[in-house]
Amino acid sequence: AAMAARCRLAARFHHIHGANIRLDASHTQATRVESFANGLCFSQEPLAPGQIFLVEIEEKELGWCGHLRVGLTAHDPQRLEVVPEYSLPDLVNLGDTWVFAITRNHNRVLVEGEQAQPRGRPWEPFLLIERVRIPRDTLVGRSRPGRYSHILDDLFKMNVLPATARRSRIGVLYTPQPDGTADMHIVINGEDMGPSARGLPTSRPLYAVIDVFASTKSVRVIPVDYGFPSLQTLCRLVIQKHIVHRLAIDGLDLPPLLKSSCQHE
């Protein structure tokens, strides 16, 4: 219960943020209102080990080069004299900060001699990262059904969207290691990108960093429930697994709320 309460509290943005960021009343949506920079945001609270800070891209802005940047910092946002203009390189240059630039395709970071781990099956209910088990369903971003939704159904069935697309979901967490340090993991639409930074200090609180940069204009925090999947979620997964494409859901003899859930989640 304590972990659940802490997770709900941390699933908001800190009131300290970049000069061009505007938060909504719930502090769960962050929008960059001017320019392409000064879009730094932080989690309201430090993250617990294995706790993911997950955001969904809500709005894009054409004309800029670059995308969302995500990571962790050991700096308490309230103790920053000035919020840096950029996460890369400004915040990173302060030290004890690890930030990852999200690209359209190649986001996996491998150390020399390491091989990428095979992806889990998209219908497995949990994503396993070392000893951390996270319900995969919440982690996955999906396009909305529409006139041409059948074109995206292969992506829909594989539970993936392009990393920088609208409604893509990107999260960050850290996992403690036997030597007393931690590894940082980036999760994109339910897929673990592997350790993108190692040797993080676990003796200091670690805050999530979300840089609403360039073509990414607005993001929203997605709360993650670490409990068991609901019956509705399990039903939806089975239905989505067997349909030809999402437009076929309209013809199924299902309650309207379950149809909407199958199409939109």
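An open sheet of 4 strands runs in the order 3-12-5-6, with antiparallel pairing. Strands (E, at least two residues) and helices (H or I, at least four) are DSSP runs, numbered from the N terminus. Two strands pair if DSSP finds at least two bridges between them. The model is predicted: local features need pLDDT of at least 70 and side-chain atom pairs count only at pLDDT 80 or more, while totals for chains, interfaces and linings use all residues. Residues are numbered from 1 along each chain as its sequence is written, and side-chain values use heavy atoms, with hydrogens and water left out.

Which strands stand at the edges of this sheet? Strand 3 and strand 6 do. Each has a single partner strand, so one side of each is left without a neighbour in the sheet. Neighbouring strands are turned by 20° against each other on average, direction ignored. Here axes are lines fitted to C-alpha atoms, for helices over the stretch in contact, and angles run from 0 to 180 degrees between N-to-C directions. Strand 5 and strand 12 run antiparallel and are joined by 5 bridges. Thr73 has Tyr207 of strand 12 as its bridge partner.

## Nonpolar cores

The largest nonpolar core holds 33 residues. Such a core is a set of buried Ala, Val, Leu, Ile, Met, Phe, Trp, Tyr and Cys residues joined through side-chain atoms within 4.5 Å. Buried means under 20% relative accessible area, exposed over 50%, and partly exposed in between (1.4 Å probe, protein chains only). Phe13, Phe53, Ile186, Ile210 and Val219 have the most contacts inside this core.

Several strands each supply at least two of its residues, among them strand 4 (53-60), strand 5 (69-73), strand 6 (97-101) and strand 12 (207-211). Strand 10 gives the largest share, 4 residues. A second, separate core has 11 residues, including Ile52, Ile129, Ile222 and Val224.

## The hairpin of strands 7 and 8

Strand 7 (residues 126-129) pairs with strand 8 (residues 132-135) in the antiparallel sense, over 4 bridges. Leu127 stands opposite Ile134 in strand 8. The two strands form a hairpin with 2 residues between them. In the turn, Glu130 has a positive phi of about 55°.

## Backbone exceptions

Most residues other than glycine have a negative phi, and most peptide bonds are trans. Pro89 is found in helix 2 (residues 87-93).

Asp96 is not a glycine, yet has a positive phi of about 50°. Asp96 lies in the loop between helix 2 and strand 6. Its relative accessibility is 33%, so Asp96 counts as partly exposed. Ala214 also has a positive phi, near 55°. Ala214 sits in the loop between strand 12 and strand 13. Is Ala214 buried or exposed? Ala214 is buried, with a relative accessible area of 0%.

## Cysteines and a loop contact

How many disulfides does the structure hold? The count is 0, where a disulfide is a pair of cysteine sulfur atoms within 2.5 Å. Cys41 is buried, at 1% relative accessibility. Cys65 is exposed, with a relative accessible area of 74%.

Gln44 is placed in the loop between strand 3 (40-42) and strand 4. Gln44 counts as partly exposed because its relative accessibility is 22%. Gln44 and Ala11 are 33 residues apart in sequence. In space they are 7.2 Å apart, C-alpha to C-alpha.
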